[in-house]
Each structure stands twice: as C-alpha cells, then as structure tokens.
Amino acid sequence: MSTLSAWMHSWFHFPKASTARHFFYGIILGFSLSITSTSLALYFQDRRRKQLEKRFEPRPIEIRCDEIIHGVAGLIGNTPLVRINSLSDALGVEILGKAEYLNPGGSVKDRVALRMIEDAERQGLLYPHTGSRIFEGTVGSTGISIATIAKAKGYDTTIIMPDDVAEEKVQALLALGAEVERVRPASIVDKKQNLARDRAAHFGHPSNPNTRPSMIRTSTSSILVSSSAPEEILDERHGILSVEEQDELRRMPRGFFADQFENRSNFEAHFFGTGPEIWRQTSGRVDAFISGAGTGGTISGTGRYLKTMNDDVLVVLADPEGSGLYNKIKHGVMFDRREAEGTKRRHQVDTVVEGIGINRLTHNMELGLDVIDDAFRITDEEAVAMSRYLVQHDGFFLGSSSACNLVACVKLVKKMGWKNGERVTTILCDSGSRHYSKFWNDAYLTKANITVRTHLIDDLLSSENPIVMDSGKSGFATPISQE
Ligand SMILES: Cc1ncc(COP(=O)(O)O)c(C=O)c1O
C-alpha cells in the first residue's frame, strides 16, 4: 500500500496555486469565447434572415381566394407551395413543390403561354377576334396552355408536335379546338419548330404557298407575325399608313409564331411570376431551387430571380439522360455521350420523360446559364420510381418531369449533407393524368425495358454516397429537344 502511495506521489503533483489559477482562468475564457462566438453567429444569422424578410413584398392582392376572377387567365399562377411530407420527413429538410399542375391548362406552361400572348398584344402584334392563329411546336404542354388561353382570348391555334408523345395530350388539344399536326421526332434539328414557323409565315395565303408572305415587323427575329393584308400595305416604300389602313390592317387575320424557345416572354413569365411567388411563399427563406429544362425558361427565370434576391440560393438542374445540358453545367460542353457514339438503346420515340432535356442552347436557357450552380443526371428508372413512391406515401400523382425534379432534390440534400430544415424548392410541372399511356403505363414501361423499382427511392433516401447517386447508370436514352 505504502509503495503504491509513494508511486502515485511521484507520478502526480498538485500544481502550484498560481498555475491552477491560470488554468482555471483559461477554462473560463475558452468557455466564454465559445458561448460568445455561438451567440454572435446566431445573432448574425437572425439579422440576415430579418433583412431578407424585409426584402420580400407583401402578399399581392390577386391572391385568389378572396375575390372573383375574370376568366380562365385569372386562374394562372399564384399556385400553392406544398410540402412533400414523405421526402421532407425522411431527410430532415423541407422539400417544397410549386403545384403548377393546378393551373387551368394543367401545367407550368400556362404562365408562359399567357405571357407570350399578352406581350404580343401589348406590342400590337396580335389582335383578338380577328381570325388570327397562333402557331407553336411543342411536345404538348405548351400547346395545351396556348390552346386554352387562345380560346379565352379569341384566337385559333395550330400545334405541331412529335408523333410519339402521350396520346392524351393530343386528345386534350383536339378537345380545346386546336388544329394538331404531327411530325416524326427530330433530334438536333427542331423540325416541329421550323414547321410551326413556316406555317405561321404562310398563314393568310394558304391557297398559294408560293406567294411571298406579308410580314409584320417585330422587335426580335424569333417571333414571327404574318398578315393576310396585301404586301404593298406593309412595304416600307408605301409610306405612313393612313388611320383607315391601320384599322384595316389590325382587323386582318394574322399568323403568330410564338417560339417559346427563343421568346424572352418565357423567361419573364418566371422572373416576374414563379420566382417572386416562391420568394414570398418562403418569406425569403429558401436554400435551393431545382428544375429541369425543356426550353430553359423555368430554371433561368426563377433561378435568376431567386439569385437576385439572395446570392446564396443554390440553383440546380435536374437533367434526364440523353440531354446535353448536364455536361454543359458540369463540364462547360454541350455533349451527350450516347448522341455522339450512336449508342442510344432506344430511339427517341421510346423515351419516357416528356418535357425536359435538350441538346442545344436556347435563348431562354442562355438567360440563366450563369446562375446554375450544379446539375444532376436523373435516369428514367429513378423518375419512374419516384412517381410511384410519391403516390404510395403522399397521394401525389405527378408527371415525369416533376418526378425527375424530386429525385434531384433528394440527391442535392444528400450531397450537401443537409438535415436541419433547409428549404429546397422545386416545380411540380404537371399531373400524372397527362402520362397514362407512357410514364404511368407499366406495360409500356416493360416494353421499353424500364423496371418499376420503387425501392430505388428508399435506397436513395438512406444512401450516404452522393457519387454513386449521380452515376446515371440506367442506360436508357431520354429525350432531346423535347419541349
Ligand atoms: C411537363 C413539363 N415540365 C417541365 C418543362 C420544362 O420547362 P421549361 O420549358 O421552362 O424548361 C416542360 C417544358 O415544356 C414541360 O412540358
């Protein structure tokens, strides 16, 4: 015993009083410093949040529930931002979807169609109830939106679309009184766009396609407006038009090629609509915005607005396989391996995701390219799995591009390691009811070699490896030049 106490004595010395005092002060100082820095950090965080909150505008008076809306156009926009409970709870964050499928034309494209038509009216390019016709090339959603608004405003519509899109979109267009022309899908060259432009140019002279069309001057080369007025009236050498001539010109039917890919109204519909709405709905507390791109209007317009309000908001692209945008964002080159090597397993007609993915840079995409921080490649299987998962867990019945967006939300949260209530916003573009014959048809999917494996989403939610998650390995080619 005494040997042990002697050994302990030699090993352990009580410090001198002054050393102990310094040691004690050190602990107190360290402790107070750590408390001060934490409270300082919290204080600055709170101050920043309050500053951001001050910058969002109060709720607009056009919030719909407490007033009467004038016609179908009044129902467009101001869509709810809905929490996706299953994904949010599983991840410990807030996954918030803008319910665009609640627009009267059933998709996010209602905003764009309305803005393109109203901008054209404001610029004196289109006059309602004059027998004028709007032409557009689309995979369907934009066509349905244009046809809906055109009917409400007094125009006719011709929609050129690929012959492989889900049949229910054609039925909707026909029910809305649109003229539908179907073409073989073209990959790089946008055949439907060229055809729509051509049809618009020759509108008014259908009996003789060789007649030179009479064109109305527009501020951009993309939008095209033809008139059935005689060419001499529009000829610059004709001089200034008399009041009667102007009036006559206004009443003559026009052909209007809306050109959603290049028309800036598309970007502006989101910059002045979707973006500010998300900002208001989140009281300026938003950490990320995720969207796919068909024309690029949604991601560019919404993303740029949110970045303008807070540079820290992450803007992220959800890109299907076969689209070149993923590589453009990640590596600066517009390139898809499958396209280059000719190794697409399925022809474009067999693709399952409709509305997003593109292989050329549109003007609307260029308007927001510099605000996109990151991109995720989403496989067909992942999108299909997410759509089934959401029905099973939340009762959300959504279309293919919404499912892609939500897979990308999960991947971003995993990659960032977020689990403290961070807010990730995205677009629920359209409903599953637009996709019965393909994306929501298991027999079709089986034929296209796509297995429905809902557990993919459970795996993704529990996975800790973002690199594996971004492998995009299903091997199915997805659409190009889609919307
Ligand atoms: C259903 C659907 N979702 C998403 C998009 C993509 O939107 P954007 O054209 O703004 O890139 C489209 C495009 O048409 C679409 O049809």
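Strand β4, helix α6 (residues 167–175) and strand β5 form a right-handed β-α-β unit. Right-handed here means that, with the strands pointing away from the viewer, the path from the first strand over the helix to the second runs clockwise. Helices (H or I, at least four residues) and strands (E, at least two) are DSSP runs, numbered from the N terminus. The model is predicted: local features need pLDDT of at least 70, side-chain atom pairs count only at pLDDT 80 or more, and totals for chains, interfaces and linings use all residues. Residue numbers start from 1 along each chain as its sequence is written.

The protein has 19 helices and 12 strands. Of its 483 residues, 45% are buried. A residue counts as buried if 20 or more other C-beta atoms, placed from the backbone, lie within 10 Å of its own; it is exposed if there are 12 or fewer, and partly exposed in between. Two residues are in contact if their C-beta atoms, placed from the backbone, lie within 7 Å. Among contacts with a separation of 6 or more, 75% join residues 24 or more positions apart.

β4 and β5 belong to an open sheet of six strands, ordered β5-β4-β3-β8-β7-β6, with mixed pairing. Two strands pair if DSSP finds at least two bridges between them. The edge strands, β5 (179–183) and β6 (214–216), each pair on one side only. Neighbouring strands are turned by 25° against each other on average, direction ignored. Axes are lines fitted to C-alpha atoms, for helices over the stretch in contact, and angles run from 0 to 180 degrees between N-to-C directions. Helix α5 packs on this sheet and touches β3 (133–137) and β4. The direction of α5 makes about 175° with that of β4.

β4 and β5 run parallel and are joined by five bridges. Ile159 stands opposite Val180 in β5. Ile160 has Glu181 of β5 as its bridge partner.

Ile159 lies in β4 (residues 156–162). This residue is buried, with 28 other C-beta atoms within 10 Å. Leaving aside residues up to four places away in sequence, Ile159 touches Glu136, Thr138, Gly143, Ala147, Leu173, Ala178 and Val180. Its C-alpha atom is separated by 9.2 Å from that of Val139, 20 residues apart along the chain.

A second sheet is also open, with six strands in the order β1-β2-β12-β9-β10-β11 and mixed pairing. β1 (81–83) and β11 (374–378) are at the edges with a single partner strand each, so one side of each has no neighbour in the sheet. Here too, neighbouring strands are turned by 25° against each other on average, direction ignored. Strands β9 (residues 288–291) and β12 (residues 423–428) pair in the parallel sense over three bridges. Ala288 has Val424 of β12 as its bridge partner. Helix α11 lies across β9, β10 (314–320) and β12, at about 175° to β9.

Helix α4 (residues 109–122) has 14 residues. From first to last C-alpha it reaches 20 Å, close to the 20 Å expected at 1.5 Å a residue. The expected span is 1.5 Å times one less than the number of residues. In α4, 10 of the 14 residues are buried, so the helix is largely enclosed by the rest of the structure. Among the buried residues are Arg111, Val112, Leu114, Met116 and Ile117. Their cover includes α5 (141–153), β8 (254–257), α10 (264–281) and α11 (297–309). Gly124 follows α4, with a positive phi near 75°.
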